[in-house]
Amino acid sequence: MNRKKRSLAKRSCFLGTLFFFSISAVAAEKLSFDEFKTAIELNSVKISSLKNEERGAGFETAQARFLTTPQAFIDAQTSRDKSPVLAPEFSGTERNGDVLRLGLQSQTSFGLKPRVFAFTENQNVSGVSSLPNPNLRLSRKGYGVESEVSLWKNAFGRDVRGQRDSLVALSESKRHLAEASLESLKVEAEGIYFETVFLKEAILIQQELIRQGERLVSWTKNQSNNRLLEPVHVAQAMASHQSRTIGLISMSQQLKANLYKISQLCGREVSEDIQFESIDIIIQKLSLPQNLNGQKITIKALAKAVESERISIELAKENFKPDLSLKAQYLTFSNDGRSDDTARCQSMEDCRTLNVSLNFTFPLDMPSKAEGSLAANTRIEGLKKNLEAEVQNSQVELRQIEAQAQGCNDQVASFRILIGAHELRLKKERERQSRGRATTFDLIISEQDLGESKINLAEAKMRYASTISQFKLFEEGK
């Protein structure tokens with residue numbers, strides 16, 4: 001009866017233990033690779049900042065559109081003139097005037113700067129002693145059109161089109177740069193996740209290696225005390241054990257640092273007990289992209305920045321050219337029904353003003369003109385060569401990543417074969433030990449070599465996953 005009670009008690013204890021561990025496993029926090037990527041998209045302040053930069057890149061595009069956007073304008077002018085004149089009997093002692101214009105103006109992409117407006121003018125003259133009525137007044141109303149166009153420097157809107165194209169290129173450059181920075185940050189974050197998975201796995205293996213090392217140190221000490229081994233063997237075992245202890249400390253410190261980074265990226269506290277997705281499962285999800293164009297996505301940003309700078313330099317070269325501009329103004333006045341001079345304004349031809357002017361300026365410092373143009377062309381050529389160099393560097397970097405990915409993949413395959421060999425060796429060593437033909441030293445060394453190979457395999461898989469992730473920086477669609 002007591003034996004049955006003890007058996008029942010043991011079974012209850014065993015079931016309770018299983019229940020406890022099952023509850024703990026369910027309650028353990030997990031952070032899969034996909035959950036991690038989603039978390040940083042939603043919670044990373046840096047990613048949010050880069051997304052704002054990407055959206056804010058449209059500022060220059062809006063400026064470019066604004067260059068040729070029609071604008072309403074109001075011009076108001078008033079004057080009060082009581083200055084002395086040569087003939088006050090004809091010019092009066094006080095001359096006042098008010099002008100008001102309301103209309104639309106624009107700047108077209110082909111260089112024309114038109115203005116269309118309605119206007120009203122009031123002219124008052126007081127103190128004209130030579131006339132029966134010393135106070136004169138004239139009010140004029142009508143419509144006007146003005147236009148101006150450059151015929152040489154920045155001819156036919158070259159400056160407007162250049163400013164527009166430069167701003168658009170600059171906007172696209174900033175947008176591509178923000179996209180590249182965003183993608184680089186994601187790749188860096190994924191690398192931290194991969195390294196953290198490796199560290200957690202490596203730490204468990206290293207802890208087991210340390211326990212095995214402690215057994216090895218104890219065994220060598222006993223053998224040395226029995227004069228079966230030299231003291232140098234004890235020192236060698238202790239050095240190996242201490243080296244692994246130092247390695248474990250380094251791994252633990254790096255793990256804590258990575259967890260801090262992951263906490264910052266995810267926007268929540270991530271503890272050391274959190275479970276990460278297996279690197280093998282992650283590698284199955286990763287695939288080599290098929291739409292690689294051989295250029296990093298940062299090249300797009302650089303190319304647009306170079307284009308913007310080139311256009312700006314071309315516009316600056318225009319300042320060395322002569323300036324020939326044509327201006328025209330046409331005003332027509334309406335009849336306001338008064339008995340003054342506006343009474344004859346029955347049609348547009350009766351009361352009108354037409355002014356046409358041609359302005360020409362020519363720079364006299366010809367050596368500076370030639371020197372400035374040469375320097376501008378040299379800068380443009382330098383920008384082009386810099387872009388070519390960056391494209392070449394990008395192609396070389398892609399080939400290096402491809403070679404590194406292949407190398408990591410080969411390493412993973414080789415370490416798997418090596419682990420298989422170490423496992424077979426360990427199995428044979430245990431068989432030899434059972435027959436008294438192998439020592440504890442041989443067994444522990446086999447276990448240590450196997451553990452070391454497992455760490456190397458985990459590290460190779462981590463490097464392979466990180467390398468595959470870097471291909472995102474070269475994808476065509478990015």
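This is a predicted model: local features need pLDDT of at least 70, side-chain atom pairs count only at pLDDT 80 or more; totals for chains, interfaces and linings use all residues.
Q: Is Lys153 buried or partly exposed?
A: The relative accessible area of Lys153 is 21%. Buried would require a value under 20%. Lys153 is therefore partly exposed.

Q: Which residues does Lys153 touch, not counting those up to four places away in sequence?
A: Leaving out residues up to four places away in sequence, its contacts are Glu318, Asn319, Lys321, Pro322 and Asp323.

Q: How far apart in space are Lys153 and Leu177, C-alpha to C-alpha?
A: In sequence, Lys153 and Leu177 are 24 residues apart. Their C-alpha to C-alpha distance in space is 34 Å.

Q: Is Glu318 buried or exposed?
A: Glu318 has a relative accessibility of 4%. The cut-off for buried is under 20%. Glu318 therefore counts as buried.

Q: What is the distance of the polar contact between the side chains of Glu318 and Lys321?
A: Glu318 lies in the loop between H9 and E7. Its side chain is joined to the side chain of Lys321 by a polar contact of 2.9 Å.

Q: What is the phi of Asn154?
A: Asn154 belongs to the loop between strand E5 (136-150) and helix H6 (158-225). With a relative accessible area of 15%, Asn154 is buried. Its phi is positive although Asn154 is a residue other than glycine, with a value near 55°.

Q: Is Phe156 buried or partly exposed?
A: Phe156 lies in the loop between E5 and H6. Phe156 is not a glycine, yet has a positive phi of about 50°. Its relative accessible area is 45%, which makes Phe156 partly exposed.

Q: With which side chain does the side chain of Arg115 make a polar contact?
A: Arg115 lies in strand E4 (residues 115-126), and its 17% relative accessibility counts as buried. Leaving aside neighbours within four places in sequence, Arg115 is in contact with several residues, including Phe73, Asp75, Arg101 and Gly144. At 3.0 Å, its side chain makes a polar contact with that of Gln105.

Q: How are the axes of H3 and H4 oriented?
A: The axes of H3 (residues 45-56) and H4 (residues 58-66) come within 5 Å and cross at roughly 10°. That angle makes the two helices roughly parallel.

Q: Which residues of H4 meet H3?
A: On the H3 side, the residues are Glu54, Arg55 and Gly56. By class, the contact has one nonpolar, two polar and three charged residues. On the H4 side, the residues are Gly58, Phe59 and Glu60.

Q: How far apart are the end C-alpha atoms of H7?
A: H7 has 36 residues, residues 231-266. At 1.5 Å a residue, H7 should span 52 Å. The end C-alpha atoms agree with this, being apart by 52 Å.

Q: Which residue follows H7?
A: The residue in question has a positive phi, near 75°. H7 is followed by Gly267.

Q: Which residues does Gln254 touch, not counting those up to four places away in sequence?
A: Gln254 is placed in helix H7. Its relative accessible area of 30% makes Gln254 partly exposed. Not counting residues up to four places away in sequence, Gln254 touches Glu195 and Leu199.

Q: What distance separates the C-alpha atoms of Ala305 and Ser171?
A: Ala305 has its place in helix H9 and, at 31% relative accessibility, counts as partly exposed. Ala305 and Ser171 are 134 residues apart along the chain. Their C-alpha atoms are separated by 8.8 Å.

How values were computed. Residues are numbered from 1 along each chain as its sequence is written. Side-chain values use heavy atoms; hydrogens and water are left out. Helices (H or I, at least four residues) and strands (E, at least two) are DSSP runs, numbered from the N terminus. The expected span of a helix is 1.5 Å times one less than its number of residues. Buried means under 20% relative accessible area, exposed over 50%, partly exposed in between (1.4 Å probe, protein chains only). A polar contact is a pair of N or O atoms within 3.5 Å; within protein, one must be able to donate a hydrogen and the other to accept it, and residues adjacent in sequence count only if both atoms are side-chain atoms. Axes are lines fitted to C-alpha atoms, for helices over the stretch in contact, and angles run from 0 to 180 degrees between N-to-C directions. Angles under 35 degrees count as roughly parallel, over 145 as roughly antiparallel, 65 to 115 as roughly perpendicular and the rest as oblique. Contact means heavy atoms within 4.5 Å. Ala, Val, Leu, Ile, Met, Phe, Trp, Tyr, Cys and Pro count as nonpolar, Asp, Glu, Lys and Arg as charged, and the others, Gly among them, as polar.
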